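The stops below go from the whole chain to single elements.

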Amino acid sequence: MTLLEVRNVTKRFGSFTAVDDVNITIKTGEFFTLLGPSGCGKTTLLRMIAGFDAPDNGQILLDNKDIIDLPPEKRPFHTVFQSYALFSHMTVADNIGFPLKMSGKTSREIKIRVAETLSEVELSSFSHRYPHELSGGQKQRVAFARGLINQPRLLLLDEPLGALDEKLRENMQRELISLQAKANVTFIYVTHAQNEALALSHRIAVMNQGKIEQIDEPSRIYNFPINRFVADFIGKINMLDAQVIEASGYHLKLKVTGLGEVMAPVREHVKIGDQGILAIRPEQVRIDPLGSEVAAKFQLVGKIKDFLYIGDVTTYLIELPNSIRIEALQPNSFPGHAKLFEIGDPVVVSWQE
Ligand code: ATP
C-alpha cells in the first residue's frame, strides 16, 4: 500500500536546481533509502518531505492527500539527524519521553512507554544518564528510541550512522534493521555510503545531480545497474566498450574494443549491433595460471600488474592486451595464503558467460 508519494518535486536555490523533477512512491513498512554522492540533493529532498522546506514545483502526498501546506509539526513524521540532536540537560528517559510529553500523554503513560522503548533499544540501565555520559552508539540509540516512541507514520533518517566508526556502524546497521521490523514504521534513510544502503534497504533510489537514476531492490541495483553512473557508484566495476555481434538464448558474443571476442550472459533488450559497455564486478572475474584448463569459451591472456592484500580478499590488477586493465577479486579462503599470484605472473582471465 502506498504511504507517501513524491510527485514531480523540484527545488531550486537561485538558479541552481538541487532536486529536479523527482518522483518516488514509498510503501507502508518499507525501509527506503536515498543514496547518492555528496551534494546530489538527498537532504534537500528529505527536508521537503519533513516539511522544513517547500518545493518550487510538485506535490508530496500522504495517504493520497497533498501535505505541502502542513507545517513539520503537523506531519506524523519524525526526523533523526546525524548529530543526534538530544537535549543535553535531560536524562535518557526524559529525552525519549519528550515527544509523548509534547503530545499531552499522562506521566504514568509516559513512564510505561519509555520503559518499554528503553528495553527495545537495550538501554534500560542507562535511563538516568545524561547524553554526555553516553557513547556515540548509545546516543544514536536514544535518538532512534525518541524517534520511534510516538509511532510516527514515517521516520526520516539523515546519515544517522555517519559519526560512528566502522565496526560500530555495522552493529548499528543490524540493530536498525531489527528495530524497524519490530516497530513496523516506514523509514526513509539518507546516506552516501553504498554498502550501508545495500545492507539496510528494501529499496534504494540512486540520486545524481538532483535526479533519480534508478529505484530498485539492492540486489537489482548491484547486479543490474541501469546506467554507467549507477554501475560505477555502487561498488567496484570493470567497464569495457563493447558491441554485440551475436545474441543467442543465453549468451552474448561481444566484440570488446582492444580485446576481440568475448562471451557474456544475455541481458534484457540487448540485440545484435548494439554498442555499449560490458560491466563486470571484480568478484565475477576469474583468474587462472596460464596453461591451466579454463571452462570459458574465450580466454584473455594477461599479466598481474599489482595486487592489494586486504585480509579477507586480495584484489589483482591485470594488464590485458592493448594496455586494457581489469580488476579481479579473490577471496582468501585458506589461512596463510596472502595471495595466489605474484606481480608479473601470466594469467588467463575469464568470467561466466
Ligand atoms: P551530503 O551528502 O553532502 O549531505 P546531499 O546529497 O544531502 O549532500 P543537499 O544537502 O541536498 O545534498 O544539497 C544539494 C545541493 O543544494 C548542494 O549543491 C548544496 O550546496 C545546495 N544547497 C542545499 N541547501 C542550500 C541552501 N539553503 N542554499 C543554497 N544551496 C543549497
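How far apart do the C-alpha centres of domain 1 and domain 2 lie? They lie 39 Å apart. To see this, colour residues 2-232 as domain 1 and 236-351 as domain 2; these bounds come from an automatic or database domain assignment.

This is a predicted model, in which local features need pLDDT of at least 70 and side-chain atom pairs count only at pLDDT 80 or more, while totals for chains, interfaces and linings use all residues. Residues are numbered from 1 along each chain as its sequence is written.

**Whole protein.** With everything shown, the C-alpha atoms fill a box of roughly 75 × 50 × 35 Å along the principal axes. The protein has eight helices and 19 strands, which are DSSP runs numbered from the N terminus (helices: H or I, at least four residues; strands: E, at least two). Of the 353 residues, 32% are buried; a buried residue has 20 or more other C-beta atoms within 10 Å of its own, with C-beta atoms placed from the backbone.

**First strands.** Select residues 2-13, strand β1, and 16-27, strand β2: the two run antiparallel and are joined by eight bridges. Strands count as paired if DSSP finds at least two bridges between them. Lys11 stands opposite Val19 in β2. Two residues separate β1 and β2 in this hairpin, and Gly14 in the turn has a positive phi of about 65°.

**Ligand shell.** Select the residues around the ligand, among them Phe13, Ala18, Lys42 and His192; each has its C-beta atom, placed from the backbone, within 6 Å of the ligand. Helix α1 (residues 42-50) gives the largest share of this shell, three residues. By class, the shell has three nonpolar, seven polar and one charged. Ala, Val, Leu, Ile, Met, Phe, Trp, Tyr, Cys and Pro count as nonpolar, Asp, Glu, Lys and Arg as charged, and the others, Gly among them, as polar.

**Helix α4.** Move to residues 136-148, a helix of 13 residues that reaches 19 Å from its first C-alpha to its last, close to the 18 Å expected at 1.5 Å a residue (1.5 Å times one less than the number of residues). Is α4 mostly covered or uncovered? It is mostly covered, with 10 of its 13 residues buried, including Lys139, Arg141 and Phe144. Show α2 (92-102), α3 (107-120) and α5 (166-183) to see part of what covers the buried residues of α4.

Terms used
Buried ≥ 20, exposed ≤ 12 C-beta atoms within 10 Å, placed from the backbone. Contact = placed C-beta atoms within 7 Å.
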